[in-house]
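Thanks for coming. I will take one structure today and go through it region by region. Please have the display open.

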Amino acid sequence: MIKIHQINVGGFDSNFSYLLHDEKTGDAAIVDPCGSTQLIKDKFLCIKKSFPKYILLTHGHGDHVSGVDSVKAFFKAPVVAHPSCSFKHDIGVSDRQKLPFGDIYIECLYSPGHTKDSIIYHLTDDFAIFTGDTLFIDCCGYCEPNSMFKTMREVVYPLADSNEVYSGHDYGRCPHAPLGDEKISNPYLLTKTLVAFQEELKNL
Ligand SMILES: [Fe+2]
């Protein structure tokens, strides 16, 4: 069972960082270390058995990577990102690449739209997705419309409803929600045509 700690680290704009921990094996990962990294450290130090495995970047924007160097002081793990990410990283992952984590995998889903280096991290037990600035609760990030629409339709929408959506910012009606709910309430996810999607983007 993987425990997910959603940490409201403040940052530039109500950023979220995440600490993932598999209680059985001790495997641990951090998603988008940023903002007040002391809060991440405090959570990490509460974990008894832990093996830092990955620092996962959803994309290279400054507000999402600002804490990488400081977490590396206590969380010695390789930094994972899309190969085109300009922020320095140790592992450049390809689309659908699966990283072993506990008894499951973290699947890296290439999700261009907000940026060309965007990745959604998906737990293969369909328990969670970490969507960065691609998908927010009831919203999406600023984007290039064609590629973002394709990402929403072909990458995000087909995922199982049971996945909890954990995004990069605390912008929504709640900090996280099941993807099944978002398929009903998020206009950027449920829109079926590019024209309608472009129309919705005017409301961003
Ligand atoms: Fe961003």
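This is a predicted model: local features need pLDDT of at least 70, side-chain atom pairs count only at pLDDT 80 or more; totals for chains, interfaces and linings use all residues.

I begin with a helix.

Next, the metal. Which residues coordinate the iron ion? They are His-59 through NE2, His-61 through ND1, His-114 through NE2 and Asp-133 through OD, at 2.2 to 2.3 Å. The spacing of these donor residues in sequence is H-x1-H-x52-H-x18-D. His-59 and His-114 link distant parts of the chain, being 55 residues apart. His-59 sits in the loop between S4 and helix H2 (62-65), and His-114 in the loop between strand S8 (104-110) and strand S9 (119-123).

On geometry, the four donor atoms subtend angles of 89 to 171° around the iron ion, so the arrangement is irregular. As for accessibility, His-59 counts as buried because its relative accessibility is 1%. His-114, at 16%, also counts as buried, since the cut-off is under 20%.

Moving on to Phe-136, which lies in strand S11, residues 135-136. Phe-136 is buried, with a relative accessible area of 4%. Leaving out residues up to four places away in sequence, Phe-136 touches Gly-141, Ser-167, Gly-168, His-169, Tyr-171, Glu-182 and Asn-186. Take Gly-168 from that list: Phe-136 and Gly-168 are 32 residues apart in sequence, and their C-alpha atoms are 7.4 Å apart in space.

Last, the cysteines. How many disulfides are there? The count comes to zero. For Cys-34, the closest cysteine sulfur is in Cys-85, 13 Å away, which is too far for a bond. Cys-108 has its closest cysteine sulfur in Cys-85 as well, at 13 Å, and that is too far for a bond. The cut-off here is within 2.5 Å. Cys-34 counts as buried at 0% relative accessibility, and Cys-108 is buried with a relative accessible area of 1%.

That is the end of my part.

How values were computed: Residues are numbered from 1 along each chain as its sequence is written. Side-chain values use heavy atoms; hydrogens and water are left out. Donors are N, O and S atoms within 2.8 Å of the metal (3.2 Å for Na, K and Ca); water is not among the atoms, so sites may look incomplete. Four donors count as tetrahedral if all angles lie between 85 and 135 degrees; four count as square planar and six as octahedral if opposite donors are over 155 degrees apart and all others between 65 and 115; anything else is irregular. Helices (H or I, at least four residues) and strands (E, at least two) are DSSP runs, numbered from the N terminus. Buried means under 20% relative accessible area, exposed over 50%, partly exposed in between (1.4 Å probe, protein chains only). Contact means heavy atoms within 4.5 Å.
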